[in-house]
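Please look at the sequence and the model first, then read on.

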Amino acid sequence: MTGAGHVIGGKTFAAGLRARIAGAVPAFEGAAGRAPGLAVVLVGDDPASAVYVGSKGKATVAAGMESFEHRLPATASQAEVEALLRQLNSDDAVDGILLQLPLPGHLDEQAAVATIDPDKDVDGLTPVSAGRLALGIAGMVPCTPYGCLLLLQDRLGDLSGKDAIVVGRSILVGKPMGQ
């Protein structure tokens, strides 16, 4: 590696991005006749997940969008979770769905995620979304890596030929072989 590493703080960039998104909401409203809507599904009572879901709701409303929060008990069945996701898929007021992970241990996360309409999959986690990303086809992409990319582009401009290391992860995708 050549050169020194740099820590990039994202608060100022994030505030500007939120303002740009809020500025685009009126055009969406004019075209669609309604504000964009984000549905967040939280299963169980994980404190960190509850804080994250609350912050997403506040940010959504602050940007002039509709926020639909759905909380299911930790005892919810796979069928109940997937039924809610299918309902949100067919709800015209919902443009995006965020299924807060991790789910309680008795639930199959991959099956639940695969239930989400790829065109409403704001985390870019469905198999179709992942395939679109791999093939370079437009679609939803995972938020954390995309945010990192936007920060790097803001700081460094064109990223062609550059290397970057991102420490941390937003989720664990897939399971190790044999499990």
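## Glu-69 and Arg-71

The model shown here is predicted. Glu-69 has a relative accessible area of 38%, so the residue counts as partly exposed. The side chain of Glu-69 meets that of Arg-71 in a salt bridge, with 2.5 Å from N to O. Arg-71 is partly exposed because its relative accessibility is 48%.

## Overall layout

The chain contains six helices and three strands. Read from the N terminus, these elements follow the order α-β-α-β-α-β-α-α-α.

Of the 179 residues in the chain, 29% are buried. The chain exposes about 11,100 Å², and 60% of this area is supplied by carbon and sulfur atoms. Among contacts in the chain with a separation of 6 or more, 63% are between residues 24 or more positions apart.

## Other salt bridges

How many salt bridges does the count come to? The count comes to four, and the pair of Arg-71 and Glu-69 described above is one of them.

Glu-82 forms a salt bridge with Arg-86, and their closest N and O atoms are 3.9 Å apart. Is Glu-82 buried or exposed? Glu-82 has a relative accessible area of 16%, which is under the cut-off of 20%, so Glu-82 is buried. Arg-86 has a relative accessibility of 44% and therefore counts as partly exposed.

Arg-132 forms a salt bridge with Asp-119, with the closest N and O atoms 3.0 Å apart.

Strand S3 spans residues 96-99, and both of its faces are covered. In a regular strand the side chains alternate between the two faces of the sheet. In S3, Gly-96 and Leu-98 are on one side, while Ile-97 and Leu-99 are on the other, and all of these residues are buried.

Which strand is joined to S3 by four bridges? The partner is strand S1 (residues 37-43), and S1 and S3 run parallel. Within this pairing, Ala-39 stands opposite Ile-97 in S3.

## Helix H6

Helix H6 covers residues 143-156 and has 14 residues.

Leu-150, Leu-151 and Leu-152 in H6 are buried. The buried residues of H6 pack against helix H1 (11-32). Just after H6 comes Gly-157, which has a positive phi of about 75°.

Methods. Residues numbered from 1 in each chain as written. Predicted model: local features only at pLDDT ≥ 70, side-chain atom pairs only at ≥ 80, totals over all residues. Heavy atoms only, no water. Buried < 20%, exposed > 50% of the residue type's maximum accessible area, 1.4 Å probe, protein only. Helix = DSSP H or I, 4+ residues; strand = E, 2+ residues; numbered from the N terminus. Pairing = 2+ DSSP bridges. Expected span 1.5 Å × (residues − 1). Contact = heavy atoms within 4.5 Å. Areas by Shrake-Rupley, 256 points an atom, 1.4 Å probe, with all protein chains shown as cover.
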